[in-house]
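Trainee: I am new to this structure and would like to go through it carefully, one question at a time. Could we look at it together?

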Amino acid sequence: MTHLPKYLIILTLLATSCDKGFEEVNVNPVQATSLDPIYFFSNAEFSSAIATHNYQMQIVQQINTPFTGVVEGGNHNVVSDPNSNANFNSLYLQNGPVNLLTTVISQTKDDAARSNLYNMSRIWKAYVFMVLVDTYGDVPYFQAGKAFLEGINLPKYDDQKLIYEDILKELTEGTKALDAAKPIESGDLFFKGNIAQWKKLGNSLLLRAAMRYTKLDPAKAKQFVAIAVDPANGGLQDSNADNAYIAFNSTFNHPLAGYFQGTERGNVYMGKAFIDYLKTTADPRLKVIAVKYEAPGNPIATAGAEDTNPANQEGMPYGYNESTITSVAGFPGKIGSAFKYSQINRRTVGKIDAPEFFITYSQTSLLLAEAVQRGWATGNVKALYEAGVKAHMAQMATYDVSATIPEAAQTAYLTANPFVPAKALEQINSQYWVSSFLNGSEAWANFRRSGFPVLPINMYPGKDPSVKDFIKRLVYPVRERSVNEANYKEAVARMGPDELGTPIFWDK
């Protein structure tokens, strides 16, 4: 028999001893080995709230700043990569909505017990991609969010028309498949899994998607409007209780909190067209939205007197920078380095814990009013229009109790500014513009789709030459041009120049 040296025997025993229980010892006892997909879903809802101030809200002339540099974009109709890439980077972020929702769909697709979560994810993924397509045009869709699942790190860009076709399908199928008899997902941030409300949300989003085809393909618009409004499919949002929004708090702040309350607070003002529209119609929302501070650039605690008198509000006109704005007729002057134009009310809609609204009853009612006006649905246009206006006025109380607009004031407004059938489309979509205040992506999309409100063209002399009247889309991130070059070039060849003036497919 061959005998092993004593030191080898000792090493062998030590190795065996160390290996025994190795896996158990090296497992973190408090780290989750698997997560319930509802946590991914609720995080996707939360992270869908994105900042849209440097382009979208400025393009539709609700928020303005005259400055160049880090805040430049829609104010001067120029390309600014840090600001134009914000939506792309936020939504495609590793822990962003696209990746999270793709993961949830993958994990729940074949799980009958999670059927409702699967279909809720399809609906919300459709929302996220509507924002992306409406912002950029062609974007990664069918291969998006699959780096971990399938090893696809450089996803192909898909034809925006095909993406929208799939969005219509996903919304139709996903909404129909929701079933209150199956397990309810109470971790949902919007409705705690309430299936009736999710069906109304899915149908309301389908109505929104269908109306995008108004100019491009009226027959298709009518086809999907009919599906969306059919009571047998669950109906549409019918009260503010059905609003889809995120309620932020003092710990988890609204994405625009720093812009309105932080270091940029003295640089951001209300847009002239928006303030003028609210003033001309004596809109009670003006008093709770706009304010003139005694010291505009100071924190709210030291900003001094707050003038919310509607008659004194002045919006900043577009087409100027911080130097040329002083030459505007009627220039109100400055207080230190800040201008005496109206700013957003930091105690109401500009709060750090202000809610972020995605899809609301007000917007849905106004879209339905237009669909009825066009003969694509049945109903009373005037009643739907008035319901949409009043719903947004009532919605203001969600920001702060001090922003509450009494019902008597709502009724008085509609009496003083009656619905005129001959101006139906203009009135409906101008109110949609107001109703979408702070929801920059949707306000911009509907402005391009409907052509209302009629806004003055921003004539800033240094604007991008591709912009003939208004910005049509945002350019892709510079990083995409180098990292995902082949797919980027294919998208541009199919879609048209990667410029601010290139319209997306439904914008005819």
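Trainee: What is the mean pLDDT of the chain?

Mentor: This is a predicted model, in which local features need pLDDT of at least 70 and side-chain atom pairs count only at pLDDT 80 or more, while totals for chains, interfaces and linings use all residues. Residues are numbered from 1 along each chain as its sequence is written, and side-chain values use heavy atoms, with hydrogens and water left out. The pLDDT is the predictor's confidence in each residue, from 0 to 100. In this chain 94% of the residues reach 70 or more, and the mean is 93.

Trainee: How much space lies in the largest cavity?

Mentor: A cavity is a set of points, on a 1 Å grid over the protein atoms alone, where a 1.4 Å probe fits but cannot get out, and its lining residues have an atom within 4 Å of a point. Grid points are joined across faces, edges and corners, and a volume is the space filled by probe spheres set on the points. The structure holds four cavities of 30 Å³ or more, and the space in the largest is about 100 Å³.

Trainee: Which residues are closest to the centre of the largest cavity?

Mentor: Helices α8 and α20 and strand β11 each give two or more residues to the lining of this cavity. Of the 14 residues that line the largest cavity, the closest to its centre are Ser48, Ile50, Tyr127, Glu356 and Ser441.

Trainee: Is asparagine 243 buried or exposed?

Mentor: Asparagine 243 sits in the loop between α12 and β4, and its side chain reaches the backbone nitrogen of tyrosine 361 at 2.7 Å. Beyond four places in sequence, its contacts include Phe191, Gln237 and Gln395. Buried means under 20% relative accessible area and exposed over 50%, with partly exposed in between (1.4 Å probe, protein chains only). Because its relative accessibility is 4%, asparagine 243 counts as buried.

Trainee: How far apart in space are alanine 209 and tyrosine 127?

Mentor: Alanine 209 is found in helix α11, and at 0% relative accessibility this residue counts as buried. Alanine 209 and tyrosine 127 are 82 residues apart in sequence, yet their C-alpha to C-alpha distance is 9.1 Å.

Trainee: Which residues does glutamine 410 touch, not counting those up to four places away in sequence?

Mentor: Glutamine 410 lies in helix α18, and it counts as buried, at 6% relative accessibility. With residues up to four places away in sequence set aside, glutamine 410 touches Lys390, Met393, Ala394 and Ile405.

Trainee: What is the relative accessibility of alanine 282?

Mentor: Alanine 282 lies in the loop between α14 and α15, and its phi is near 50°, a positive value in a residue other than glycine. Alanine 282 counts as exposed because its relative accessibility is 61%.

Terms used: On a 1 Å grid over the protein atoms alone, a cavity is a set of points where a 1.4 Å probe fits but cannot get out, and a pocket is an open set with protein on both sides within 12 Å along at least five of seven lines; lining residues have an atom within 4 Å of a point. Helices (H or I, at least four residues) and strands (E, at least two) are DSSP runs, numbered from the N terminus. A polar contact is a pair of N or O atoms within 3.5 Å; within protein, one must be able to donate a hydrogen and the other to accept it, and residues adjacent in sequence count only if both atoms are side-chain atoms. Contact means heavy atoms within 4.5 Å.
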